[in-house]
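Hi,

Here is the structure I said I would pass on.

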Amino acid sequence: MSVPDFQSLMLPTLKSLADGGEVPLSDVREHVAAVENLIADDLQEMLPSGQQSVFVNRVSWAMVYLGRAGLTERVRRGVWQLTDEGRRLLANPPSRVDMSYLQKYPAYVAWRTGKSGPSSSSDATSSMSDDSRDTPEEALEKAARQLRKALEAEILDRVREASPSFLEQVVVHLLIAMGYGGGDPTMGRVTGRSGDGGIDGTIKEDALGLDEVYVQAKKYAAGSTVGEGDLRNFAGAIDAAGTTKGVFVTTASFTRAARDYVARSPKRIVLIDGEDLARHMARYNIGARERDQDHQQDYYKIKRIDEDYFDQEAL
């Protein structure tokens, strides 16, 4: 089974303190896992960020909410106990404790509405609805993922709308940003032109220029594919140039035959399809930039289209 949402874990978390003594958070988690019949695979499931397990995150936030309602209190770091209010609740426990139930406690309401004084966690929870199944981290990660996917889709659309020569420039800029050529822009250049022999650009692999990587960039519409023949031609072009390494980038996708050919080829060829290209561009700020948010602390870096970058296409 999967890990229950954090609201479903509130009552089991509270009951883990029922003996009345001081309980380490590790013991709380052990109790909750046993009550919920969670297995090792459930406990090892990670948040998308990979920084914490889903189970640990949800139990921790259940404890935060219970504490803000005055049902539990932290004795010292990592150790909790019931309050008198918590003991009264467990003397006649409801079938479920959740965000709606906690509305009966004034301290909780004050915390959720931000009227209890400055609190970073109240900022994170004030916009959450009472029927939310996500912890604040999970909600933020989902929102960040949606924003990232929307940005990547817009980046790919912009590149597909631009000229083939602009795509060639994008690829060189991207490889420099990824560290090729030691990050030195002078180590990469666009060479694409009529009769280029299938090579659209070159870039030095390291800052010393000891090896050169050849680049091919193909701009195609969504739904198009690059086949094995294109990769054979590219392999022949880099062979004729006297090198063994290449990067083939397309705004479309590669056929299975094309990927199989590259896997068998003695040449070291990296394939970057449209989705990969957009993801890398967003990550390395090629055609994207971070929003200005000077007025508040930003835990997730929110990016948007860099209009100035794409305006180069019109020059």
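This is a predicted model: local features need pLDDT of at least 70, side-chain atom pairs count only at pLDDT 80 or more; totals for chains, interfaces and linings use all residues.

Residues are numbered from 1 along each chain as its sequence is written, and side-chain values use heavy atoms, with hydrogens and water left out.

**The whole chain**

The protein chain has 14 helices and twelve strands (DSSP runs numbered from the N terminus: H or I of at least four residues for helices, E of at least two for strands). Of its 315 residues, 43% count as buried (buried is under 20% relative accessible area, exposed is over 50%, partly exposed is in between, with a 1.4 Å probe and protein chains only). Among contacts with a separation of 6 or more, 61% come from residues 24 or more positions apart (a contact means heavy atoms within 4.5 Å).

**Helix 11**

Helix 11 covers residues 228-240, and its 13 residues should span 18 Å at 1.5 Å a residue, which agrees with the 18 Å between its end C-alpha atoms (the expected span is 1.5 Å times one less than the number of residues). Its buried residues are L231, F234, A235, A237 and I238. Seen down the axis of helix 11, these fall within an arc of 160°, so they line one face (the arc is that of the directions from the helix axis to the C-beta atoms). N233 and A240 are exposed on the face turned away from that buried side. The buried residues pack against several elements, including strand 6 (212-218), strand 8 (245-250) and helix 12 (256-264).

**T243**

Just after helix 11, G242 has a positive phi of about 80°. T243 sits in the loop between helix 11 and strand 8. Is T243 buried or exposed? At 8% relative accessibility, T243 counts as buried. Its side chain reaches the backbone oxygen of E212 at 3.1 Å. Leaving aside neighbours within four places in sequence, T243 is in contact with D211, E212, Y214, I238 and K267.

Five strands make an open sheet with mixed pairing, in the order 4-5-6-8-10 (two strands pair if DSSP finds at least two bridges between them). Strand 4 (188-190) and strand 10 are at the edges with a single partner strand each, so one side of each has no neighbour in the sheet. On average, neighbouring strands of this sheet are turned by 20° against each other, direction ignored (axes are lines fitted to C-alpha atoms, for helices over the stretch in contact, and angles run from 0 to 180 degrees between N-to-C directions). Strand 8 and strand 10 pair in the parallel sense over five bridges, and V249 has I272 of strand 10 as its bridge partner. Helix 13 (residues 274-283) lies across strand 8 and strand 10, at about 85° to strand 10.

**T251**

T251 is in the loop between strand 8 and strand 9. With a relative accessible area of 0%, T251 is buried. A polar atom of its side chain lies 2.6 Å from the backbone oxygen of Y220. Not counting residues up to four places away in sequence, T251 touches L156, V159, R160, L167, K218, K219, Y220, G274 and L277. Of these, L156 and V159 are also among the buried residues of helix 9 (residues 136-161).

Cheers

Methods:
A polar contact is a pair of N or O atoms within 3.5 Å; within protein, one must be able to donate a hydrogen and the other to accept it, and residues adjacent in sequence count only if both atoms are side-chain atoms.
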